[in-house]
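Please read the following points with the structure open beside you, and look up each residue as it is named.

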Amino acid sequence: MRAWARTLRAAGPFRWAAARPVAVRAAHRGQSERPQGRRAELPSGPDLRHFLRGAAAPPPAGEPEPEPGSTSGLGKVYLETYGCQMNVNDTEIAWAILQKSGYTRTKEADEADVILLVTCSVRDKAEQTIWNRLQHLKALKARRHQACLPLRIGILGCMAERLKEEILHREKLVDIVAGPDAYRDLPRLLAMAESGQQAANVLLSLDETYADILPVQTSAGGKTAFVSIMRGCDNMCSYCIVPFTRGRERSRPIASILQEVKMLSDQGVKEVTLLGQNVNSFRDMSEVQFQSAAAPVLSRGFSTVYKTKPGGLRFAHLLDQVSRIDPEMRIRFTSPHPKDFPDEVLQLIQERHNICKQLHLPAQSGSTRVLEAMRRGYTREAYLELVQHVRNTIPGVSLSSDFIAGFCGETEEDHQQTVSLLREVRYSIGFLFAYSMRQPSKRSASELCGRNDGNIKVIFPDADTEDAGGCKALVRAQPGDYVLVKVTSASSQTLKGVLLCRTTLSRSAACH
């Protein structure tokens with residue numbers, strides 16, 4: 001922790017010097033303005049940029065300084081994207097920022113000066129993919145080091161937010177770590193890495209939407225595009241890591257969204273998908289006159305874990321405005337929550353020919369008992385009522401959904417209820433996933449959880465065990481008991497093990 005503090009303190013003066021190089025030469029109490037004796041005959045000496053690898057060299061005498069944002073030979077960047085479409089959009093935002101700062105882009109990792117991985121953390125398999133990829137890059141970085149051609153490696157996105165310390169400390173391979181709300185800081189972080197420091201910014205923001213940054217489309221000339229309209233999620237479903245890696249919900253101003261969609265239309269794009277973790281809870285609070293507007297009514301039978309949020313321009317208004325920009329541009333949106341489908345949204349979809357008659361209604365389970373454990377805010381019956389209402393309002397609508405199999409405590413009966421829901425609704429597309437057991441997700445109902453002396457979470461089976469006090473009878477650990485656990489596996493935040501016996505603090509200390 002002390003080393004981390006040193007890194008953060010070192011960032012202050014470095015950023016000042018790198019951001020205002022001309023101020024360095026003028027900082028010597030005016031000596032350059034009043035040359036005396038032989039000093040007046042000496043040529044101008046080096047400034048700070050001569051001592052920073054990768055920094056732009058100062059222009060020759062008599063030539064003007066380059067304009068801010070102009071290309072200054074900072075190196076080639078290779079970007080690799082994993083996970084959801086939001087990460088693809090984040091890649092385009094990150095590249096827009098780096099391009100403006102003077103970096104160029106390459107499609108070949110072997111010729112890059114900087115390799116950035118935009119990562120996913122929604123399931124354990126996604127994270128393992130990144131760890132495996134880093135092992136390949138380790139060999140590349142070693143070869144480049146031997147050739148005196150330094151390579152900087154960065155982890156961006158959700159995995160960076162969740163595992164920042166482990167990423168930085170594991171084999172010291174990664175140079176920079178940037179969370180989803182820290183892409184504006186990438187030029188500074190890379191400059192710090194250029195000087196030999198590891199650098200990180202994983203601060204989550206309550207207002208960052210990158211509204212003023214037009215993403216650089218990675219598929220130039222393509223006919224489809226994605227436009228991010230909001231970030232974060234407030235739903236706090238018990239299995240989901242998004243609120244912890246992408247933060248609270250906040251929406252872009254409608255004006256900036258319309259500007260981007262209009263630009264895409266002018267470029268010949270024929271289909272735009274509006275993106276957000278909870279896209280239909282969009283709520284633009286940028287215009288004062290709408291801040292006291294009433295909150296829309298939730299779908300019948302649905303609830304939230306948070307209080308109703310009044311005010312702002314809502315998703316129905318945005319969808320109306322976007323669909324008017326170009327009658328020949330198709331409009332989609334993903335990913336919504338079933339609770340946020342007021343009638344005005346459904347009626348608008350039915351009325352506008354260029355809004356696709358396709359809705360994603362993530363059910364996650366067909367069992368009311370499991371839905372309650374997931375904190376989804378609805379029952380099986382409420383979900384089926386919504387499906388029927390959608391089909392009555394939008395005849396011929398195509399429906400898709402997400403499902404999780406094997407959630408904590410799920411029984412065969414629960415699973416069969418999910419299967420029956422699939423058959424009853426008859427989705428056009430279904431996305432089915434096996435449950436990925438990781439923190440901060442919930443432990444199994446057959447396990448107990450406590451914390452060790454170092455405040456690390458320990459998970460162990462809820463089973464009969466001996467009492468260290470000498471009682472021969474088997475006992476069950478109860479809340480407040482102390483137990484000895486033999487640790488058998490560990491993740492970045494949790495220990496798992498087998499239960500040895502129930503004990504007390506005194507007996508445990510005596511054993512050591």
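1. Phe407 has a relative accessible area of 2%, and because buried means under 20%, Phe407 counts as buried. Please keep in mind while reading that this is a predicted model.

2. Tyr435, with a relative accessible area of 16%, is buried as well. Phe407 and Tyr435 form an edge-to-face aromatic pair, with 5.0 Å from centre to centre and 70° between the planes. The pair joins distant parts of the chain, since Phe407 lies in the loop between β15 and α14 while Tyr435 lies in the loop between β16 and β17, 28 residues apart. Ring pairs also bring in Tyr239, so that Tyr239, Phe407 and Tyr435 are linked into a cluster.

3. Elsewhere, three strands form an open sheet with parallel pairing, in the order β7-β10-β13. Strands β7 (224-228) and β13 (330-334) are at the edges and have a single partner strand each, so one side of each is left without a neighbour in the sheet. From one strand to the next, the twist averages 25°.

4. Two helices can be described against this sheet. Helix α9 (residues 254-266) packs on the sheet and touches β7 and β10, its direction making about 170° with that of β7, whereas helix α10 (residues 315-325) lies across β10 and β13 and runs at about 150° to β13.

How values were computed:
Residues numbered from 1 in each chain as written. Predicted model: local features only at pLDDT ≥ 70, side-chain atom pairs only at ≥ 80, totals over all residues. Heavy atoms only, no water. Pairing = 2+ DSSP bridges. Helix = DSSP H or I, 4+ residues; strand = E, 2+ residues; numbered from the N terminus. Axes fitted to C-alpha atoms, helices over the stretch in contact; angles between N-to-C directions. Contact = heavy atoms within 4.5 Å. Phe/Tyr/Trp six-rings, centres within 6.5 Å; stacked < 30°, edge-to-face > 60°. Buried < 20%, exposed > 50% of the residue type's maximum accessible area, 1.4 Å probe, protein only.
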